[in-house]
Amino acid sequence: MASNSSLLSIKGLEKSYGSVIALKNADFEVSPGEIHALLGANGAGKSTLVKILTGVITSNSGTISLNGKQLTFSSPDDARKNGVAPVFQDPALIPDISIQRNLTLTGTNEARFISELAAMGLKVNLNEIAANIELPLLRMIDLARALSHDPELLILDEITAALPIDLAEKVIAVMNNQKAKGKSIIFISHRLAEIEEICDRATVLRDGVNVDTFEASQGSEERIVQAMLGDKNKGNSNDSRSSKSNISSETFLEIKGISGGKHLKDLSFTIKKGEVLGVAALEGQGQDLLFEILAGESNPESGDILINGKKVIFSHPSDAIKLGISYVPGDRKSALMPQRSIRENLALTRFRGISKWGFINSKDEEVRVDDAVSSLQIDTRAKSQVKRLSGGNQQKVTIGRWVTTGFDLLLCFDPTRGIDVGTKQQIYELVRDFASQGKSVLLFTSELREIQLACDRAIVIYEGKVQADLPIDKCDEENLLNAAHGIAVAK
Amino acid sequence: MIKLKMFDESRISKSMLSLTGILFALYIITGLLDSYNFSIPAIGNIFYLGAALGLLAAGQTICMLTGGIDLSLAMIATGAAFIVSVKSSSGLLVALSLALLYCVVIGAINGLAVGLLGMNPLIMTLGMNAVLIGVFTVGVTTFLQGSSTVPEALVTLSTASIIDTSGWVFESATADPRSWPFFASIVDTLSWPFFIWLLVSLIVLFILARTGLGRLIYAIGDNAQSARLAGVKVWQVQVTTYVMCAILGGIGGIILGGQSGAVALSLANSFLLPSVAAVVIGGTSIMGGIGGYKGTMMGTLILTLLSSLLTTINSSEAVKQMIYGAIVLALAWTYAKISEKS
């Protein structure tokens, strides 16, 4: 398609945050009256692209042209005035004030807003405080607000993820309606079926570059997944696995029909002693809640947790720790004491019961702490305050804490997020070491290739249930990604 | 072998060094204004006067290390002294036990409200302070009627020297050490309040540095969520902290009462803000998690010296308050500057 007939034309867009490159030389075009899907794995640069397009951030270089006119958006308001209106992944309404005041903030016409909502068959009391409104309706309010500005280009970022089927269908009707009026839409979604159904074209980003653009039609999911994964898909063997599996026939943990929160619905699985079980899922499938439940941080609404065949109930993380379950949360900051030393951070769990509040056995503590430091190869140059350590070293401290304490099952939530490659490798090795000592590990990762590097088996969670339970030789990224999108995978 | 020190020695010593410098400078100024202040009894007097503030500030330090604060501390101190005075007719031991019970109960209520109900410590203890003022105001004329005079034994304890020389008999006056000026000044210096403060300080320092409880006090102040995930029941630590704080405040209050001879409901009022100021000047973060009692001791001495300096220059009460406030702010600002750099 020639660029002079494009509504939106992006050329050579670049953006970096410090040394991290989010976008490099990305090109992207949207025609008038087109629904264009923007796809890519986590960290591929989708959000960055959307943020630049809507004036939230500015690019380092590259050009954006709208209707043939080159523009730079200095603020979301600026973008809106130029006909670009976004609906972001998270509700963009200020929770503590009424809908009416939220509308005033964006200069939205109330009558127009009400009629847009009515067109979708919805109604809302404008005096209602945003925080009192359910999430799905909030998403629709966001959408109606964006439509009220009569955008040439509507950007929908994961809008259907939080919506039940009936509302999702309404969104699709709105999209088709916009298209009929000759307006364009950029549509971001993890639901590949939706993309095939309603999008005209799809562009796939990988590592900050647009790698493929094609007509979206039935059967293009294979091509999408291929483009998202790229060469990484080929020949990544499991050669990094340094130690052999030592899986016992005994089950350590069994989860039976756990439900809770917005996402978890009747989730069941088991982990054997000495097994590393991988967990893969797209964002927002309830995996965070699952880990919190197992760590004793949250309670399930229904379902049972069995340890060594016995039913257990946790009312505090200390209950889980007592039974040998240790938790390394996804957010390192919540596990660390930033102003205290490596030693105090590593030794923290030693004082968890009142009976341990007395005199510290310095010798014993020193031995255990030094043990953990050397077995995890923690860099102790900045030992006095862990906030001065690198992300990788901080993560080692959060894991090392449990090495000094001892555990039977380690819950690791995305332990390698934002960590350099070398440290990632060390963490995989560490996990394999735990397994060879007969300990179990439950490992959620947003980097699918890690599953084959560190796990013995993997489950994929989709819409709160186990979509697939795969042996390690089936855990290639393609299978995992398919299952994560709700597509059946042959065992 | 990698050795992991418990604290960052260099950082601690740097701030302690600057505090010592400030203390020394203040001392020189005080002495230059009145050379009596260079004498040993004058130094002893600083410790004697600083003891009550030091004890209150010890409680405040523990609270603030957990990220909390106890604004009911002055009324806890006053209340303890008051109970001891009024109930002394039933025997000193009974009176002291009742005062201790009072401290434990008030501390536990503060701790439970903060730890289990999640109330903001500032609001909770401020409210507690108001309630206690009300209770004692009513109590004076009803259930706490009695003498407001502090029992003799406590007055002696709060004012006398550790070394009781009154019964000493010597053959000649020159053999009597009481006639040697140096010995006499040492006797004057080692007052009971100073001794009690020293003893309690050692215990507090030991708890903070060498016990599991001490580690947890720092831990929950730095990141309570982290402590919880490590299996620590945070509320238990908070209740213990507020009870310890109240007991320390109670001891301080009783000494203050003994030094004054009689207890009024305003006894410890003027010590509340200095107890917070001493902690902040001493380098404990108001957000918790970092600092310690050594710094607070220096802060206490600095504030006490400052107070005596202002008395020396014989300023009016209003001028005194202004200078006192301005210097406290300047110290806090200087300290912020220093810790920013390191």
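Two strands are taken to pair if DSSP finds at least two bridges between them. The legends below describe close-up views of a predicted model.

**Figure 1. Strand β3 of chain A and its parallel partners, β8(A) and β9(A).** Four bridges join β3(A) to strand β9 (residues 201-206) of chain A, and the two run parallel. Within this pairing, Leu39(A) stands opposite Val204(A). Strand β8 (residues 184-188) of chain A also pairs with β3(A) in the parallel sense, over three bridges. Here Ile186(A) is the bridge partner of His36(A).

**Figure 2. Burial of the side chains of β3(A).** In a regular strand the side chains alternate between the two faces of the sheet. Ile35(A), Ala37(A) and Leu39(A) point one way from β3(A), whereas His36(A) and Leu38(A) point the other way, and all are buried. Because five of the five residues of β3(A) (residues 35-39) are buried, the strand is largely enclosed by the rest of the structure.

**Figure 3. Helix α13 of chain A, with its buried and exposed residues.** The helix comprises residues 362-375, 14 residues in total, and reaches 20 Å from its first C-alpha to its last, close to the 20 Å expected at 1.5 Å a residue. Val369(A), Ala372(A) and Val373(A) are the buried residues shown in α13(A). They cover an arc of only 100 degrees around the axis, which puts them on the same side of α13(A). The buried residues of the helix pack against α12 (342-347) and α14 (391-405) of chain A. Lys363(A), Asp364(A), Val367(A) and Ser374(A) are exposed, on the face turned away from the buried side of α13(A). After the helix comes Gln377(A), whose phi is positive, near 50 degrees.

**Figure 4. Asp150(A) and Glu158(A), two non-glycine residues with positive phi.** Asp150(A) has a phi of about 50 degrees and is found in the loop between α5 (135-148) and β7 (153-157) of chain A. Glu158(A) has a phi of about 55 degrees and is found in the loop between β7 and α6 (165-180) of chain A. A residue is buried if 20 or more other C-beta atoms lie within 10 Å of its own, exposed if 12 or fewer, and partly exposed in between. Asp150(A) has 14 C-beta neighbours inside 10 Å and therefore counts as partly exposed. Glu158(A) has 22 such neighbours inside 10 Å, so this residue counts as buried.

**Figure 5. Ala458(A) in the largest nonpolar core.** This core contains 234 residues, of which Leu411(A) and Ala458(A) touch the most other members. Helix α2 (residues 40-65) of chain B gives the most to the core, with 15 residues. When residues up to four places away in sequence are not counted, Ala458(A) touches Leu277(A), Gly278(A), Val279(A), Ala280(A), Ile451(A), Leu470(A), Cys475(A) and Leu480(A).

**Figure 6. The contact between chain A and chain B.** Chain A takes part with 34 residues and chain B with 28 residues. On the side of chain B that touches chain A, helix α9 (residues 212-229) of chain B gives the most, with 13 residues. The residues on this side of chain B divide into 13 nonpolar, eight polar and seven charged.

Note on methods
Residues numbered from 1 in each chain as written. Chains lettered and ligands numbered in written order. Predicted model: local features only at pLDDT ≥ 70, side-chain atom pairs only at ≥ 80, totals over all residues. Expected span 1.5 Å × (residues − 1). Arc of directions from axis to C-beta. Contact = placed C-beta atoms within 7 Å. Nonpolar A, V, L, I, M, F, W, Y, C, P; charged D, E, K, R; others polar. Core = buried A, V, L, I, M, F, W, Y, C linked by C-beta atoms within 7 Å.
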